[in-house]
Amino acid sequence: MPQIKLYSTLTKHHFLAVATLIFCLTVSLQFFSPAIIAQVVNRLDGLVYDLKIKLLAPQTTNLTNIQIVDIDEESIAHFGRMPWSREKFAKLTQTLTEQGAIVIVYDILFSESQDSPVKDITRVLPQLSQNEQMLLNDYFDYDGAFALSMANNDIVLANLFHYHNKIKVGGFVKKSRVMNDASQNRFADQSISQKSIDADNMAKRSHLVKSTSSSENSNTLQENFVTFTGYTNPITRFSKVAAGQGFMNAITDFDGVVRRTPLVIEYEQHLFPSLALEAFRVYSLVDQINIEWEQSNNAYFEGVTIGNVTIPTDDSAQILIPYRGQKNHYTYTSAADLIQGKVTDNRFEQAVVFVGTSAIGLADLQTTPVSVNYPGVEIHATVFDALMSPNNIPYRPDWWKGAIFIQLMIISLLCLLVFPHKDALFSVVFTVLIIISVITVNLSLWRIYRIDLPIVVLLLQTLIFATYFIGYGFFSESNRRKVIKSMFAQYVPGAHIDKLLSDSTAINLEGERKTLSVMFCDIRNFTSISESMPANELKDWLNSVFSPLTNEILRKDGTIDKYVGDMIMAFWGAPITDELHSQKSIHAGLEMLSNLTKLNEEFIQQGKPSVSIGIGINTGEMNVGDMGSDFRRSYTVIGDAVNLASRLEGLTKFYGVELLVSEFTQQQAPDFNYLLVDKVKVVGKSTPIFIYTVLKDEQQVTSDDFKCFSLAQKYYFNQQFELSEQAFNQINPDFNFSPLVSIYLKRIEAYKCEPPNEHWDGSYQHIKK
């Protein structure tokens, strides 16, 4: 057979090549894919991160009292739209200070001085003295009042950076910058809370990093900071009295979701802290924020240190935001209630208070993994809370690329070792197990160690392997079915094979006793024909005969049992049950005889011997199944019913007919026209049976000769031999079954000389097979 078994068309080298290709593809997707593909992968990993944040949110530590004062819709309805008078913020700051707040963080930008009405008053009342004008200036100096209220507590103000280099509002104070270890000594004499890397030193960062490295080799500083070119700062009057200042920018992923935030950003080679980081520094009573670098061949940003606390970040100084759940996780207090003195409890005692807005019209609502319209002020509060317990901050360690690479390799090896030569069900189960394992490892690292590793490419690689091998399995299975069908179509009808392949319960190869129809077909005078032809011509001639005969058997859903020399054995009703087995066996026999007529015409034209056959069919109980020895087996039928069919085939030559069926087959298929041939006892059987031949032409049944023959048989079985002889002699010599007439006339002649005994049942005892 040119076809071969499942998977035999691919060698192990081919499977290895496919696995290597899939491995390289997924590695490229994770680490080297084009920007547009990387965005898709990152988007999917982002969605996974969102799910982990929602389902496995970090536990709340409650290390400090975090409160949010909200300029909400109620506050705006009461005091009007923003911006508010600084008088209200002064009142707010004073009230929070009195109620015990230790750090107040404003997520509000105070970038402009509040206009004073004094100029308008003096224009209307020019007669006011200079002293009176000074008193008015002091009275309406709301910025001064706000600055004075800030001087009584630790206040952290917000600034905003821009990507537009023409926006530069306000100035910087050195306390708003981040200190690099290498430049600490330069500013050791300045009384500032954070120390700056000046422009000259920042331009020579690689030199500065080298100075902190013990390596003698030249190091290259790998900078991936979020960089801006413009800024908007609080007015200097506020910055001078504030304890700190940090940026309020919300950095979104490309899909617009705020999943991470930089703790440090860069502007003109200076580093500046975030609002939450600056609040944490002020809360920690630390004067400076130091930068941590990982020093090897290259220097990478590793994190920031405040006092004894180190917060690890990625190489762009960003951390993943460990959202605690839906918005309003922290206690919110309406700014209106606070200003009006309605809050009388001790909720602000020793509290870090973030002041911001959740009002829809003020554009400080963000899309986060846990909620849309998430207040920006609560994001800062969440980051501050995370800095209080940095061990709970999800992070992606430096070795994450190596970990993903190893996992991709392990999955590839497992799939290469397991998937080939496994069926679809096993492959699906194995795929599910790999996916569960990958998810379990990923979630365990997240839950136990707060490590966030990408997972999408790992799952994608598993699905690609599964799709390929399962798809190839189906393709190969289809080919295998075709091979099986082409092999067994010589023995079993194609429809049977299709049913067998699609429904394994439809077949039973175990031994069982079953009512079937069996056929024997033998070529007449084969011995003399074989002696007159060379071996190769005989083979071709025999194949030319068997091919159409076999085709008719298979077309009528028969199963070829065996070929024995010039004989074909077939049966109906197994391995697939068929209630019409008797009818189909007779149809097949008639079609076989019809095909021989056409075949003989071709043989005569080719100068080859013509062929004639005898067919015997019987229906009855027989044993059917996979039988044989430990060395060779065959699906076959055995039993007395099988032997009877063989005897009937042998009797066709005796009676001069081409097809004989038993009375059992005739009873099972009554729709055919039959001619009773005889009542016989075959060799090895003592019970007589009626045997019939099937009439091809319905006109034969209505002919006078047929009626006369049937009448003669009736007289014969009634032992009315004289009347029977007269009836047989009235049949025309060209009657299709004239050999039968001759047989009966000879028997009658014998019985007239020696009548049968009184127990004669009309049967004829055959002594030859």
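Me: Which residue's face does Arg747 lie over?
Reply: Arg747 lies over the face of Tyr764, at 4.0 Å from the ring centre. A charge counts as over a ring if NZ of Lys or CZ of Arg is within 6 Å of the ring centre and within 35 degrees of the ring normal. The charged end of Arg747 also sits over the ring of Tyr744, 5.4 Å from its centre.

Me: What kind of model is this, and how are residues numbered?
Reply: It is a predicted model, where local features need pLDDT of at least 70 and side-chain atom pairs count only at pLDDT 80 or more, while totals for chains, interfaces and linings use all residues. Residues are numbered from 1 along each chain as its sequence is written, and side-chain values use heavy atoms, with hydrogens and water left out.

Me: Back to rings. How many aromatic pairs are there?
Reply: The structure holds 56 aromatic pairs. Rings of Phe, Tyr and Trp (its six-membered ring) pair if their centres lie within 6.5 Å; planes under 30 degrees apart are stacked, over 60 edge-to-face, and the rest tilted.

Me: Which residue pairs with Phe110?
Reply: Phe146 does, edge-to-face, at 5.0 Å centre to centre with 65° between the planes. Phe110 is in the loop between β2 (103-106) and α5 (118-124), and Phe146 is in helix α7 (residues 142-151), 36 residues apart. Helices (H or I, at least four residues) and strands (E, at least two) are DSSP runs, numbered from the N terminus.

Me: Are Phe110 and Phe146 buried or exposed?
Reply: Both are buried. Buried means under 20% relative accessible area, exposed over 50%, and partly exposed in between (1.4 Å probe, protein chains only).

Me: Which helix is largely enclosed by the rest of the structure?
Reply: Helix α11 (residues 275-283) is, because eight of its nine residues are buried. Among them are Glu278 and Arg281. Just after α11, Leu285 takes a positive phi of about 60°.

Me: New topic: how many salt bridges?
Reply: The count comes to 23. A salt bridge is a side-chain nitrogen of Lys or Arg within 4 Å of a carboxyl oxygen of Asp or Glu.

Me: What does Asp452 form a salt bridge with?
Reply: Arg396, with the closest N and O atoms 3.1 Å apart. This pair links distant parts of the chain, 56 residues apart. Asp452 lies in the loop between α15 (424-449) and α16 (456-488), and Arg396 in the loop between α13 (376-388) and α14. Asp452 counts as buried at 5% relative accessibility, whereas Arg396 is partly exposed at 30%.

Me: And what is Lys584 bridged to?
Reply: Asp578, with the closest N and O atoms 2.7 Å apart. Lys584 and Asp578 are both buried. The C-alpha atom of Lys584 is also 7.8 Å from that of Gly558, 26 residues apart along the chain. Gly558 sits in the loop between α19 (535-555) and β22 (559-564) and is buried, with a relative accessible area of 0%.

Me: Which residues are linked in a network of salt bridges?
Reply: Arg43, Asp50, Asp253, Asp255, Arg259 and Arg260 are.

Me: Last one: how many disulfides?
Reply: The count comes to zero, a disulfide being a pair of cysteine sulfur atoms within 2.5 Å. As for the cysteines, Cys415 is buried at a relative accessible area of 0%, and Cys521 is buried at 1%.
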